Amino acid sequence: MLDSVIDTGLAPVRDPAKLLADVHSRWGGRDDLWIFGYASLIWRPEFEAAEQRPAQVHGWHRALEMRSRINRGTPECPGLVFALVAGGSCRGMVYRIERARVDDELPRLWAREMPTGVYDARWLPCRTPQGPVSALGFTLSRSSPNYTGTLSDEHLLGVLRSACGRYGTTLDYLMETARSLRQCGIRDRGIERLVALVERHALTTTG
């Protein structure tokens, strides 16, 4: 999700400090804080977690349907990143931040994911092998100007061939997410289809 921070070229900016204060208030400080990761938070979490577990969320799915004009693309050649969009289900990972560390770790996570308030932060009911947890997740509304909707394979291939931003290419981002999900034993048919599309057209990563 680091790579989906941003691209507010078309989106109104909401006050990240107010959004963080609201989330902190809803958390309440009584328990440890769980975070749901579905893409780059799996392979680059960048916060200290006391525990992580496989998890599944119903009512949301992972989709390569968010424009990236800085991190994985440019304003002239936008890239794409995964977003958590309403509908279906999503398998990912949940991370537990100890209560005493939340005041240190949550602002760092917020700076990464929500510097412009592009996401809707929600408490998501997650099923894990050890039982249910309520985890903070970063979702994208279909009404967001950054939401692309379903793109044709021709459009996707054009982006995968050309889009590159400050953190690298959309292609590398896709392939790293696919690799990490496989390592976690997570099967995502949509991502498998995209990887097959990449292989069928002999696209290669750059790093």
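This is a predicted model: local features need pLDDT of at least 70, side-chain atom pairs count only at pLDDT 80 or more; totals for chains, interfaces and linings use all residues.

Residues are numbered from 1 along each chain as its sequence is written, and side-chain values use heavy atoms, with hydrogens and water left out.

**Helix pairs**

Axes are lines fitted to C-alpha atoms over the stretch in contact, with angles from 0 to 180 degrees between N-to-C directions.

| Pair | Angle | Axis distance |
|---|---|---|
| α5 (170-183) and α6 (189-200) | about 130° | 10 Å |
| α1 (16-27) and α3 (102-113) | roughly 140° | within 11 Å |
| α4 (153-162) and α6 | roughly 70° | within 11 Å |

The angle makes α4 roughly perpendicular to α6 (65 to 115 degrees). Asp 153, Leu 156, Leu 157 and Leu 160 of α4 meet Arg 193, Leu 194, Leu 197 and Val 198 of α6, where contact means heavy atoms within 4.5 Å. By class, this contact has six nonpolar, no polar and two charged residues; Ala, Val, Leu, Ile, Met, Phe, Trp, Tyr, Cys and Pro count as nonpolar, Asp, Glu, Lys and Arg as charged, and the others, Gly among them, as polar.

From α5 come Leu 171, Leu 174, Met 175, Thr 177, Ala 178 and Leu 181, and from α6 come Ile 191, Leu 194, Val 195 and Val 198. Nine of these residues are nonpolar, one is polar and none is charged.

Helices α1 and α3 are oblique to each other as well. Their contact includes Leu 19, Val 23 and Trp 27 of α1 and Leu 106 and Trp 110 of α3. It divides into nine nonpolar, one polar and one charged residue.

**The largest pocket**

The largest pocket has a volume of about 410 Å³. Among its 21 lining residues, Arg 62, Ala 63, Asp 188, Gly 190 and Ile 191 are the closest to its centre. Two or more lining residues come from each of β2 (51-68), β3 (79-97) and α6, with β2 giving the most, six. The lining is made up of nine nonpolar, six polar and six charged residues.

Notes: Helices (H or I, at least four residues) and strands (E, at least two) are DSSP runs, numbered from the N terminus. Angles under 35 degrees count as roughly parallel, over 145 as roughly antiparallel, 65 to 115 as roughly perpendicular and the rest as oblique. On a 1 Å grid over the protein atoms alone, a cavity is a set of points where a 1.4 Å probe fits but cannot get out, and a pocket is an open set with protein on both sides within 12 Å along at least five of seven lines; lining residues have an atom within 4 Å of a point. Grid points are joined across faces, edges and corners, and a volume is the space filled by probe spheres set on the points.
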